[in-house]
Amino acid sequence: MAERSTAVDVAAGGDDESLTAKADQATADEAAGSRETTAAEGDQPSGDDAADIAKPQASQPETPQADRQEKPQATQPEEPLANQPQANQPQADQPEAVQPEKPQAVQAAQPEKPQAAPPELHSGHKLARRYRLEECVTRLDGFSSWRAVDEKLRRAVGVHLLPADHPRARSVLSAARSSALLGDPRFVQVLDAVEENDLVYVVHEWLPDATELTALLAAGPLEAHDAYQLVTQVSQAMTAAHREGLAHLRLTPSAVLRSSSGQYRIRGLAVNAALRGISSDTPQRTDTESIGALLYASLTQRWPYEEDAYGLSGLPKDIGLIAPDQVRAGVHRGLSELAMRALVNDGATASRQDRPCATPEDLSKAVSEMPRIRPPEPSFTAPPEYQRTTYQQGTYGRSTPAAPRPQPMPAAPPAPLQSRTGKALKWAVSALLIAALGLGSWQLADALMERDRPTGPGTSQPGGDSQAKPAAGKPLKISDAYEFAPSGTGIKEQDVPHAIDGSTGTAWITPQYKGYANFGNLPNRRQGSGIVVDLGSVQNVTGFDIAMYRAGQKAEVLAAPEDASRPASLAEFSKELGKLGEAGERLRKTLDEPVRTRYLLVHITSLPTDGSAQLFRGGISEIKVLGTAREKAAAGEADRS
């Protein structure tokens, strides 16, 4: 009998970011690699369930797992996968390097019975006639994690799978349902937790625009402002979770994600620990030391224990735990002391004997008492020295002028014509000039008189209406707009109304893409994106005025034929109103001849940079279509006939 959670089936109200960027990750995850910032996920247990997990287990677990504070132990290797994701690719729950942790903090479960073999699943398998498995990213300890597609809501999701008779199946279900009830947006949300057909599966968000802290630290330590934001947001989020009786117990660099907007989100709340059978007698202390380790690694790019972990080098042997500002020069002193207060049980740093932080709430209060660390000022490159032209200065550049040389005296001009022949020549030239002046005056007067004469029927005046360019017209009413998505997957569909609301303060903005200006060079974005506006009926379009989100986008304006019905492919927009090219902050044009159409496409094929040479983002702020209404045009034609 299938048992479905009634309290957790919240998939219909999932994260908007997941909805909008689903296809960018779900259909082109392997092609994107590190082009688009990496994905995230999340799971966790409730207060009662977390307490159950914290107790020693009566059944046998898998190979004992060590958490952050235990001495490293050998973990069970993953099975080789043909479609293993790349390093920066979003992963549901990758096996991580074992963190050293103090033995008394986390208790290993008692030996269990042998685990049941994981179910035989494959890409394309569908759960609940809704979740289609796409790629297995982790297979470990009797459970597997997949990247999948929610076909009902057309978005990417993550799925944890394990047999219903697995020793930890019940604790995983309980942890997932409790985590979903928390509903805190700072955690990757659990969308569904189900037992069905001898399987237990947990469905969670998949965030394609987020990057793991592991990948951020691989490039170097964080700036002081970024590290300050990390410890502030993570400590506040874990404080809220512990107030509801939920603990993480596996708060590692791979469990912390930073979105493109700079917000940090935590994945795997309680669920990651439940999947591995991890519990702790002091869950608040365990999570606090984990946050301290994350802050330490962010400041030094070193793991605060002797063993290497998560792609980071450990501390030198036999010297103990030393403050971050002693490991690397230039570390913020306040953040260095804060990391030591969270890591050391019997005190803070050697220089300041502040009370150690034993809970996430203590750590959050300590951060709030610090002076706020502001982001670094942007650096501006000095403009090149102004170069004067030869017209202004007489020479190019600002080179030091050479010493003046003596110039030869110019030859004296010839004497004016004083002979009889010369005087006759001057009189002849004067007469010609007077004659030319009189002829020109007469022609000017004749032209003015011709202009004042009335013209007969059928004649046209120079510069009259027959040669004038058609007026741009008035803005036409836009009845609807939708996102141009030829691959069937949108980007920010919920933001399309911002481009036709009459305000340039709101906009339809794309996600941030990495590495390539052509929407991350993703296969399902080869035709770009944009917005299609629907005028409600066929109208006479005489121009357009479009405010772009920022300059530098490569865009064009196309129109569909009169008989088109909600066109969706590029081939259906056969009329070119504005040629493809790099647009400024506004894209406007008055057409030479009106075009009759109902649908117009603002087509974007390339995006400008977004704060970095490797990051790209674009969008549209406001669309105005100019022309004459269909009824007025028909009345004008009747009058002319």
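Analyst: This is a predicted model. Glu 212 and Arg 267 are both buried. The two form a salt bridge, with 2.5 Å between the closest N and O atoms. Glu 212 belongs to strand β9 (residues 211–212), while Arg 267 sits in the loop between β11 (264–266) and α7 (271–276), so this pair ties together parts 55 residues apart in sequence.

Strand β20 takes part in two further pairs. Arg 586 lies in β20 (residues 586–606) and Asp 545 in strand β17 (residues 529–548), so the pair links parts that are 41 residues apart in sequence. Asp 545 is buried because its relative accessible area, 16%, is under the 20% cut-off. Arg 586, at 37% relative accessibility, counts as partly exposed.

The other pair joins the side chains of Arg 596 and Glu 562, at 3.6 Å from N to O. Arg 596 is in strand β20 and Glu 562 in the loop between β18 (554–559) and β19 (575–582), so parts 34 residues apart in sequence are tied together. Arg 596 counts as partly exposed at 26% relative accessibility, and Glu 562 also counts as partly exposed, at 42%.

Elsewhere, Lys 126, Arg 132, Glu 134 and Glu 151 are linked in a network of salt bridges. Over the whole structure, the search finds 24 salt bridges.

Technical notes. Residues are numbered from 1 along each chain as its sequence is written. This is a predicted model: local features need pLDDT of at least 70, side-chain atom pairs count only at pLDDT 80 or more; totals for chains, interfaces and linings use all residues. Side-chain values use heavy atoms; hydrogens and water are left out. A salt bridge is a side-chain nitrogen of Lys or Arg within 4 Å of a carboxyl oxygen of Asp or Glu. Helices (H or I, at least four residues) and strands (E, at least two) are DSSP runs, numbered from the N terminus. Buried means under 20% relative accessible area, exposed over 50%, partly exposed in between (1.4 Å probe, protein chains only).
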